Structure formats: structure tokens, C-alpha cells
Amino acid sequence: MSSAFIKCFNLAKTVGNATVKSLLAAPKQPWQACSAAALQTPHAPPMAMQMHTSSVRRDLMEFFDDKKNWSENEVKVGRAWRTDELRIKSNKELHQLWFVLLKERNMLLTMEHECNDKMEVFPSPERIDKVKISMENLETVVRERNKAYHLLETGETGERPQKAMKNAFGLQVNYKSCEHVLPPYMNMKWIKSRNMGFGGRAVNRFLLKYREKLYNAKRKAKNRSRNEVMMILRRNPNFDLDALRRQYPDVNVDKLCNEDKIRGHYVPKVGV
């Protein structure tokens, strides 16, 4: 070998030894401490954890609730997270809270399945709804921040484009666009599965019945509100009309005040 190649080889060997010694002498990073704690023997004393706030467990009991709640019929918990409370938190806190809620949801679903399997009462099933509401509110806040960021940077919302279309039943739905390899006129599978056209005698009859059902529901709700206002004015003639207008915006309160129905149909019996 040439002298130049031997010098380069010795230089690389010297630099490699110095790098290894510096890495061994350097303090451990948080991820190295966690890896050492995860690989230590069960009988060794636990090391200080810098990335976790709770102790590491080595069993599957984290998928189950606390044992003191197994025989209870009710577990006292708080309410769900609101959007106003989540908006003041940072992205890091929202990220941590999401995994806390996800872990809680997995635990509650496991407990619900286990109680159903054992034919026992699942304590406080509304906890699942509260966790789901909290996760939905968290997603709403994250979506708001993503939209604001994309509008500031690109002028667009950054969400998947969607448009109002009519499905096979003639009902208006929001169709979200997707990316495909083939264009629409060549993608026969998409054309068959995503056919947005409608027609036929059966569909027209369905639309007629459906619109009639919506009209009847709207008419009954309006009559119900009108009867409620009428009963309020009949029992309390001096009731605040402005409050009634705000609470029942679809009722003509001034017209009801001039009708005789608010005075009642009671006729006293004479000579009894």
C-alpha cells in the first residue's frame, strides 16, 4: 500500500477512537435513560425517568379501571373538556391531552366489554360519552388552528375540497373529493360506486313522501310553539312580550295578543 493511503487509514482510526471516547464520556440523553430503564432487570432499582410523569407499568392492567371501582354502581367524574378551555392550551399540551383521552377511552371500552361479558353493571357509562365529546372538541380546536395556519401561509383552508351534490336517493349531501390515479372518465370502478345521478318513479315517490314528512314536522313544531305561547299568555296576561319574542322567534306574539283564545273558554255556571 502507498504511504498516503496508510496515513489516511491511521488518521481515520484516530478520529474514530476519539469520537467513541467522547460519546462514552458525554452525559446520557433522556431517550438513553428511558432505554436503559426499559432494558434493566426486574430486580434492579428503577432509574430516574425524564420523559414520563407516571411510573412505567409492565402489565396489561392499564386497560382496566381501578379495582376499587369494579364493584361500584357509580363513579364520580368531571365534565367533558370545552372548546374554550382547549383554545388557550398550546399544541404540545393538546398533543399530550389527546393521548390521555385516547388511553382513557381504551380503558373504558375494555371495561364496558368486560362488564357485558360478565353480565355486570358498567359503572357510569356516561364517561365514554364525555371522553368522546372531549376528543371531538379537541379535534375542532386543532382543525381551527390548521385552517388559520394554511389561510395565513397559502390563502387556502388546507382541508379536502367538498361540494354539495345529490346522491342516488335525490338527497343533498356533501361530497369530499379524493385523489385517484386515473381521471374520472377512465375510472370505471369509481363511476359505478360513486354514481351521483338519481331518477325513476320510485325515487320521485320517495322524495315526495320525504318532503311531506319534513313539512309536517315543521308545521307541528310551529303549532307546538304557538300553543305554548298561548298557554303562557292565558295564565300570565302581563308576561314580558319581548322575552316571548326572543324565545319563540317563529311565533307572531302580537297577533296572538289580539285573539280570543288566550282568554280561555271557561264559562262560569250560573244558578247552581
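I count a residue as buried when its relative accessible area is under 20%. The model I am reading is predicted.

**Entry 1: Ser225**

I looked up Ser225 and found it in helix α7, residues 201-235. Is Ser225 buried or exposed? Its relative accessibility is 15%, so I put Ser225 down as buried. I then listed what Ser225 touches, leaving out residues up to four places away in sequence. The contacts are Tyr248, Asp250 and Val251.

**Entry 2: α4 and α5**

Next I took the pair formed by helix α4 (residues 91-118) and helix α5 (residues 126-153). I noted a packing angle of about 155 degrees and axes 10 Å apart. The crossing of α4 past α5 is left-handed.

Which residues make the contact? From α4 I wrote down, among them, Leu94, Leu97, Trp98, Leu101 and Arg105. From α5 my list includes Ile128, Val131, Met135, Leu138 and Arg145. I sorted the contact of α4 with α5 by class: 13 residues are nonpolar, two are polar and six are charged.

**Entry 3: β1 and β2**

Last, I checked the strands. β1 covers residues 162-166 and β2 covers residues 172-176. The two run antiparallel, and I found five bridges joining them. Opposite Ala164 I find Asn174 of β2. β1 and β2 form a hairpin, with five residues between them. Which residue in the turn has a positive phi? I noted Gly170, with a phi of about 85 degrees.

Note on methods:
Residues are numbered from 1 along each chain as its sequence is written. This is a predicted model: local features need pLDDT of at least 70, side-chain atom pairs count only at pLDDT 80 or more; totals for chains, interfaces and linings use all residues. Side-chain values use heavy atoms; hydrogens and water are left out. Axes are lines fitted to C-alpha atoms, for helices over the stretch in contact, and angles run from 0 to 180 degrees between N-to-C directions. Helices (H or I, at least four residues) and strands (E, at least two) are DSSP runs, numbered from the N terminus. A crossing is left-handed if the near helix is turned anticlockwise from the far one by less than a right angle, and right-handed if clockwise. Contact means heavy atoms within 4.5 Å. Ala, Val, Leu, Ile, Met, Phe, Trp, Tyr, Cys and Pro count as nonpolar, Asp, Glu, Lys and Arg as charged, and the others, Gly among them, as polar. Two strands pair if DSSP finds at least two bridges between them. Buried means under 20% relative accessible area, exposed over 50%, partly exposed in between (1.4 Å probe, protein chains only).
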